[in-house]
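Hi there,

Here is the structure I promised to pass on. Have a look at it first, and then read on for what turned up.

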Amino acid sequence: MTHQPQDSVVFALHFFNWVDGVATLSAVSLFGVEELNPLMDLALQNGAAFYFVKFVLIAGSVEFLHRYLRGRSRAVLVALLGLVTAVCAWHLLGFIAIGRA
């Protein structure tokens, strides 16, 4: 099995999804920040549902796109990577702002 460039995108998506999850839980529990995504906000209110949605549904969706939509999924995966990277940057800016307050 050889390494494909798309594998790096998938790895980065999983990594930044994890970073987003940890940052979200930290911001909500430590600083009382509100989750802007209504689905994730609902999941956060149920505790275990957050982990299921974040780490099972989203990670599973990434794997599905990667494995079963090979030719067409690259653009989708790259777009999702841009989105989740922007969300992680938003978390970083938020933590910087809270640190200065």
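Are Lys54 and Asp20 buried or exposed? Both Lys54 and Asp20 are buried. Please keep in mind throughout that this is a predicted model.

**Salt bridges**

The side chains of Lys54 and Asp20 form a salt bridge, with 2.5 Å from N to O. Lys54 belongs to helix H3 (residues 48-68) and Asp20 to helix H1, so this contact ties together parts that are 34 residues apart in sequence.

In the whole structure, the search finds 2 salt bridges. Arg67 and Glu63 also meet in one, at 3.2 Å from N to O. These two residues sit in helix H3, 4 residues apart, which is about one turn of the helix. Arg67 is exposed, at 55% relative accessibility, while Glu63 is partly exposed at 23%.

**Aromatic residues in helix H1**

The structure contains 6 aromatic pairs. One of them joins Phe15 and Trp18 in a tilted arrangement, with 6.4 Å centre to centre and 35 degrees between the planes. Phe15 and Trp18 are 3 residues apart in helix H1 (residues 5-31), so about one helical turn separates them. Phe15, Phe16 and Trp18 make up one aromatic cluster.

Phe15 and Trp18 also take part in a nonpolar surface patch with Phe11 and Val22, and together the four residues have about 440 Å² of accessible area. As for the individual residues, Phe15 is partly exposed at 40% relative accessibility, and Trp18 is partly exposed too, with 47%. Phe11, found in helix H1, is exposed, with a relative accessible area of 60%.

**Helix H2 and its ends**

Which residues of helix H2 are buried? In this helix, which covers residues 38-45, they are Met40, Ala43 and Leu44. Viewed down the axis of H2, the buried residues fall within an arc of 100 degrees, so they line one face of the helix. Pro38, Leu42 and Gln45 are exposed on the other side of H2.

The N-terminal end of H2 is capped by Asn37, which has a side-chain oxygen 2.9 Å from the backbone nitrogen of Leu39. Just after H2 comes Gly47, with a positive phi of about 65 degrees.

Happy to go through any of this with you.

Best wishes

How values were computed. Residues numbered from 1 in each chain as written. Predicted model: local features only at pLDDT ≥ 70, side-chain atom pairs only at ≥ 80, totals over all residues. Heavy atoms only, no water. Phe/Tyr/Trp six-rings, centres within 6.5 Å; stacked < 30°, edge-to-face > 60°. Buried < 20%, exposed > 50% of the residue type's maximum accessible area, 1.4 Å probe, protein only. Patch = residues over 30% accessible without salt bridge, like charges linked within 9 Å, V, L, I, M, F, W, Y side chains within 5 Å. Areas by Shrake-Rupley, 256 points an atom, 1.4 Å probe, with all protein chains shown as cover. Arc of directions from axis to C-beta. Polar contact = N/O pair within 3.5 Å; in protein donor to acceptor, adjacent residues only side chain to side chain.
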